[in-house]
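Colleague: I am new to this structure. Please walk me through it in short steps.

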Amino acid sequence: MDNSSVVWQEFLKFLQADSSNDRLLIYVSNCLPKSFEDRILVLEAPNAFSYEQIKKNFLNILNNLFIQSAFGDEIKLELDSSNQEAIRVTNNTKKEIKNEKIPFTRFGLNPYYTFGTFIEGPTNDLAKSVCLAVARNPGFSYNPLFLYGNSGLGKTHLMQAVGNYVIEQNPDAKVLYEASETFTNSFTIAIKEDKIKDLISKYRTLDILMIDDVQFFSGKERTMEYFFNIFNELTNANKQIILTADQQPKDIIGFNERLVSRFMSGMVADITPPDFETRVAILMKKAEVRNYHNIPDEIFTLIAHNIKKNIRELEGALNRLVACSDISGEEINIENTNKWLKDFFISSDNSIITIEKIQLAVANSFKISVEDMLSPNRSSEIALPRHVAMYLARNKTNQSLIQIAHAFNKKDHTSVMHGCERIENELRIDKSLASVVENIVKNL
């Protein structure tokens, strides 16, 4: 078995455990392990921009982090430089951007992300159906297409499946996938080098533009302005735009209202955590694709029972399981799975956001007690944090309005609706409150 994928996925899990690595992960998470020989792991960057950024800014950091990880200093990380076309494009871009010569095809796309490798279930069937319709008729079926849901539920997979499908049908199609920070950084560099017109012209040549995690545009007024103009030009020309975020457009704090209006004008589809049967199917499919043999069905059931909220965690647990078995030489059984995946099972339970957690986090932020929040006290010092907590409970949990009302000692749900509407309105005009709410969400 080629262990390159196992080693790389385990290392990514190590990086994800520390939030200080978030910027690094934006660039390396879409890299593909190419080979693992003589303790050297070779990665292939998804595009020229990522290649240059990793090579210049992150390669030494990655190797130092490998030393800190469980793999120790026995493994060295290298970046594949055989893709001369990608390097040529980057070097030419620094000199002068030639719109008609930029080969966007497959830029940023992971070839594994196809409709065939996506496991459909009742919590994502609408999103998949919409994406397939877009892939068959880009620019006309649903434009723009906005997918939202928590991290690790398959938004990126479906988005890129559209791109891979379109390219398979039309190899000349100009398709580009970018993380939101990559988009922002591209404009920052272009402004600094006085090449903003060239960069905008480059985006205009696209047939499909896909931007992941657009919630990170929040508060970046110039980025939103540039994207607004590009968005209008592409959609007016019937070019497809696909976006993802962790919540629906109208709930993103600090977002440009014109963009919200544009995003809501197309199709907005959500993806929620998969049910038990879908989680088992996902594990079995990933094991099949990665040639992980001799894993008993009861192991898939055990993992699916313990990890409920995040497909990425399911995949990470599966990779950890196989790696531990390979390294130790022990078989994969119930006892060893519980031992090797103990951290996954515990962290999965702790990651669930509940109304109680929200109430405590909001109370601490506003320096009041949870008892005050749940009391009949209607003073502004208590009412504001109470409404913030209701707003977050509405947007960050799966609880109904009636259940939320009960959790706040309210007789009916109308008070919850009023509180949520109040906070939604204030967040649009009060940047100080928006910052406070954003920090509470991060702490959750």
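Colleague: How many residues of strand β7 are buried?
Modeller: This is a predicted model, in which local features need pLDDT of at least 70, side-chain atom pairs count only at pLDDT 80 or more, and totals for chains, interfaces and linings use all residues. Residues are numbered from 1 along each chain as its sequence is written, and side-chain values use heavy atoms, with hydrogens and water left out. Strand β7 covers residues 240–245 and is mostly covered. Buried here means under 20% relative accessible area, with a 1.4 Å probe and protein chains only; the count for β7 is six of six.

Colleague: Which residues of β7 lie on each side?
Modeller: In a regular strand the side chains alternate between the two faces of the sheet. Both faces of β7 are covered. One side holds Q240, I242 and T244; the other holds I241, L243 and A245.

Colleague: Which strands pair with β7, and in what sense?
Modeller: Strands are DSSP runs of E with at least two residues, helices are runs of H or I with at least four, and both are numbered from the N terminus. Two strands pair if DSSP finds at least two bridges between them. Strand β4 (residues 145–148) pairs with β7 over four bridges, and L147 stands opposite T244.

Colleague: What is the handedness of the unit made by β6, helix α9 and β7?
Modeller: Helix α9 spans residues 221–236 and belongs to a β-α-β unit with β6 and β7. With the strands pointing away from the viewer, a path from the first strand over the helix to the second that runs clockwise counts as right-handed. The unit is right-handed.

Colleague: Which residue of β2 is the bridge partner of P33?
Modeller: Strand β2 covers residues 40–44 and runs antiparallel to β1, joined by five bridges. The partner of P33 is L43.

Colleague: At what angle do helices α18 and α20 cross?
Modeller: Axes are lines fitted to C-alpha atoms, for helices over the stretch in contact, and angles run from 0 to 180 degrees between N-to-C directions. The axes of α18 (residues 380–396) and α20 (residues 414–429) come within 8 Å. Angles of 65 to 115 degrees count as roughly perpendicular, and α18 is therefore roughly perpendicular to α20. The crossing is at roughly 95 degrees.

Colleague: Is S415 buried, exposed or partly exposed, and which residues does S415 touch?
Modeller: S415 lies in helix α20. Exposed means over 50% relative accessible area, and partly exposed lies between that and the 20% limit for buried; S415, at 24%, is partly exposed. The C-alpha atoms of S415 and M390 are separated by 9.3 Å, at 25 residues apart along the chain. Counting contact as heavy atoms within 4.5 Å, and leaving out residues up to four places away in sequence, S415 touches M390 and K410.

Terms used
Parallel < 35°, antiparallel > 145°, perpendicular 65-115°, else oblique.
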